[in-house]
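Colleague: I would like to learn to read this model feature by feature. Where do we begin?
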Amino acid sequence: MCASVKYSSRGPALIPRMKTKHRIYYITLFSVVLLGLIATGMFQFWPHSIESSTEWTLDRRSVHDAPLVKLPVSSPIPERGDLSCRMHTCFDVYRCGYNPKNRIKVYIYPLQRFVDEVGVPISSTGLSREYNDLLSAISDSDFYTDDVTRACLFVPSIDVLNQNSLRIRETAQALAMLPRWDKGMNHLLFNMLPGGPPDYNTALDVPRDRALLAGGGFSTWTYRQGYDVSIPVYSPLSAEVDLPEKQPGPRRFFILSSQTAIHREYRIQLERLKEENGEALLLLDKCSNLSQGVASARKRCYKGQVYDYPQILQESSFCVVLRGARLGQATLSDVLQAGCVPVIMADSYILPFSEVLDWKRASVVIPEEKLPEMYTILKSIPHRQVEEMQRQARWFWDAYFRSMKAIGLTTLQIINDRIYPYAARTYEQWNNPPVVKWSSVNSPLFLPLIPPRSPGFTAVVLTYDRVESLFRVITEISKVPSLAKLLVVWNNQNKSPPEESLWPKVAVPLKVVRTKENKLSNRFFPFDEIETEAVLAIDDDIIMLTSDELQFGYEYFNHLYTYKMPGDIKNWVDAHMNCEDIAMNFLVANITGKAPIKVTPRKKFKCPECTAIDGLSLDQTHMVERSECINKFASVFGTMPLKVVEHRADPVLYKDDFPEKLKSFPNIGSL
């Protein structure tokens with residue numbers, strides 16, 4: 001009993017001591033786990049790279065406060081630019097990867113001041129205002145990332161815009177010291193003033209390994225097509241002078257030359273042109289009689305008369321842009337801003353952004369040896385075309401030249417289009433100003449995002465009295481899977497259409513519309529029976545097209561033809577019973593700016609059952625009138641909207657040795 005009591009009395013005393021011992025153990029373990037969780041959480045939000053921890057911005061740190069980096073004399077020097085570089089050989093596209101926005105990510109290196117061993121900077125100017133604006137624009141854009149691990153493209157904060165201010169060897173050494181340089185792979189350098197005296201190379205002389213170069217003076221010898229980007233030479237006057245857009249049209253002068261430092265031989269030839277053509281040509285030079293304090297860069301003179309520059313450029317239809325010591329000239333930007341058509345004479349010059357911009361629409365390029373013939377060449381350009389070029393020139397400046405931001409972001413967009421070609425901007429997006437030609441007409445390319453009343457397309461067949469041929473056309477068209485409805489336009493007021501029982505049996509609704517007058521324009525009338533967005537307008541003798549060919553492509557816009565056709569074109573067509581198809585092509589080409597997808601060879605368009613009485617096209621005067629109507633329509637439109645097309649877009653599966661059931665379009669004939 002006593003033993004049990006003694007055990008019982010010690011038991012309660014031992015239990016608390018055991019709990020205290022374990023409590024300390026569990027508290028220690030819990031503390032370790034908690035600290036581990038806190039550390040893990042902090043790591044998730046902490047910068048993963050030292051390089052990415054500092055976002056590029058001059059607001060946080062001035063140039064003078066940037067860390068100083070000394071370049072040892074023995075620092076490695078990159079190799080000179082490899083002329084064989086292309087995107088598939090010198091650019092690692094796998095860095096860019098896939099992203100839902102199809103947009104490359106650009107990393108800008110933190111700002112540093114590079115000096116040699118004795119403390120002399122690699123550049124006499126440091127970071128220029130223009131390069132600062134360029135980097136700031138990139139850092140504010142959707143292209144920018146401060147995470148170096150996500151970057152597809154790297155832009156150094158080393159300013160190489162103007163080679164005149166650089167120490168070539170030391171700048172190359174600074175580039176090679178960049179943490180991610182890797183022989184220049186996926187690095188982009190911006191340079192506008194390449195080369196130096198006496199030869200003035202047309203590309204940056206700084207050795208740069210495989211780096212891409214956005215250069216402002218490339219020639220065909222130094223430009224690596226599809227790799228480098230040709231950019232304009234920025235004009236500081238763009239930020240200083242506000243030139244309001246001037247309406248296109250005739251100007252006070254026909255040709256104007258405003259450059260002050262052109263070769264003596266060119267100036268002699270220009271003076272000779274001035275003697276031959278008098279007041280039509282204004283030949284300006286630098287001023288020698290300006291008052292003290294007047295900025296010479298903003299003035300030009302001719303025989304003592306002073307003109308404001310660049311304002312005087314707006315007074316001429318054409319402005320000469322001649323090569324100087326360098327191929328790229330800031331004058332080109334000034335001329336475009338003034339809405340003056342640049343006449344570019346710089347053999348082998350790669351025009352800015354020529355990879356995507358169609359310079360034929362905004363400029364005239366003349367070989368240097370043709371300078372004496374310049375006046376005659378320019379006089380041969382129609383007035384309407386000159387006005388279009390004036391308008392396009394100004395729009396090029398507004399969209400791509402007006403600021404360092406515009407130049408920088410355009411460059412990145414071009415590179416972006418190469419890396420994500422399936423999401424690239426189209427020719428029209430790069431070159432067409434966002435202007436609707438007729439304010440009262442909505443472009444068919446930008447229809448409201450609403451579903452059509454009926455899917456598929458409506459076939460509108462124009463006929464007079466060729467019943468047998470008509471029935472064959474209806475039978476063939478009815479085989480097209482996308483056909484929603486057949487609409488026969490009966491154009492014969494003196495004869496009734498066949499009885500209902502005689503018509504071919506088709507699986508889609510067939511409606512016959514009798515017209516009040518025999519007009520070819522009736523084929524394009526927007527009948528209420530048409531409930532589809534797509535309409536196929538076809539004659540009753542087009543019996544050679546197969547159902548596969550019809551399924552492959554169709555689209556016309558009848559409302560525009562009926563209600564918005566300019567001038568008296570509709571009346572002309574109805575009076576001559578000819579050219580309604582050409583009129584429609586003029587209309588669609590003018591609205592869309594596109595060429596036809598397919599034009600079948602003429603030899604296939606034969607109607608064996610038709611006679612000279614039945615067929616309009618068999619009349620000997622028919623083809624003569626078609627030539628006349630092209631001239632007529634072009635004069636009404638004021639331009640030639642038809643586009644040249646040199647291809648036919650047909651499926652080629654029919655050529656392959658596959659079973660017919662595997663072919664989507666087995667019944668399309670070859671050329």
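Modeller: With a cut-off. Buried means under 20% relative accessible area. By that rule, both C579 and C629 are buried. Keep in mind that this is a predicted model.

Colleague: What links C579 and C629, and how far apart are their sulfur atoms?

Modeller: A disulfide counts when two cysteine sulfur atoms lie within 2.5 Å. Those of C579 and C629 are 2.2 Å apart, so they form a disulfide. The torsion about their S-S bond is about -90°, so this link is left-handed. C579 sits in the loop between α15 (569-576) and α16 (580-592), and C629 in helix α17 (residues 622-637), so the pair ties together parts that are 50 residues apart in sequence.

Colleague: How many disulfides does a search of the whole structure find?

Modeller: The search finds 5. Among them is the one joining C96 to C152, with the sulfur atoms 1.9 Å apart. Its S-S torsion is about 40°, so it is right-handed. C96 lies in the loop between α2 (87-90) and β2 (106-108), while C152 lies in the loop between α3 (129-139) and β4 (153-155), so this pair ties together parts that are 56 residues apart in sequence. C96 and C152 are buried.

Colleague: Is the link of C85 and C90 left-handed or right-handed?

Modeller: Left-handed, with -80° about the S-S bond. The S to S distance of C85 and C90 is 2.0 Å. C85 has a relative accessible area of 0% and is buried. C90 is at 4%, so C90 counts as buried too.

Colleague: Now strands. Which way do the residues of β6 point?

Modeller: In a regular strand the side chains alternate between the two faces of the sheet. In β6, L212 and A214 point one way, and L213 and G215 point the other way. All four are buried.

Colleague: In which sense do β5 and β6 pair?

Modeller: Strands of a sheet pair through backbone hydrogen bonds, either parallel or antiparallel. β5 and β6 pair in the parallel sense over 4 bridges. L189 has L213 of β6 as its bridge partner. β6 also runs parallel to strand β7 (residues 229-230), joined by 2 bridges. There, A214 stands opposite V229.

Colleague: What lies in the loop between β5 and β6?

Modeller: R208, for one; the loop runs between β5 (188-191) and β6 (212-215). A salt bridge needs a side-chain nitrogen of Lys or Arg within 4 Å of a carboxyl oxygen of Asp or Glu. R208 is buried yet has none. Its nearest side chain of opposite charge, D228, is 5.4 Å away. Beyond its sequence neighbours within four places, R208 is in contact with residues including E79, W181, L189, L213 and R224.

Colleague: What is the strand order in the open sheet of 5 strands?

Modeller: The order is β9-β8-β12-β13-β14, with parallel pairing. The edge strands are β9 (281-283) and β14 (364-365), and each pairs on one side only. Strand β8 (residues 253-257) is joined to β9 by 3 bridges.

Colleague: Which strands do helices α6 and α9 lie across?

Modeller: Helix α6 (residues 264-277) lies across β8, β9 and β12 (316-322), at about 145° to β9. Helix α9 (residues 383-401) lies across β12, β13 (341-345) and β14, at about 90° to β13.

Notes: Residues numbered from 1 in each chain as written. Predicted model: local features only at pLDDT ≥ 70, side-chain atom pairs only at ≥ 80, totals over all residues. Heavy atoms only, no water. Buried < 20%, exposed > 50% of the residue type's maximum accessible area, 1.4 Å probe, protein only. Lys, Arg positive; Asp, Glu negative; His and termini not counted. Contact = heavy atoms within 4.5 Å. Pairing = 2+ DSSP bridges. Axes fitted to C-alpha atoms, helices over the stretch in contact; angles between N-to-C directions.
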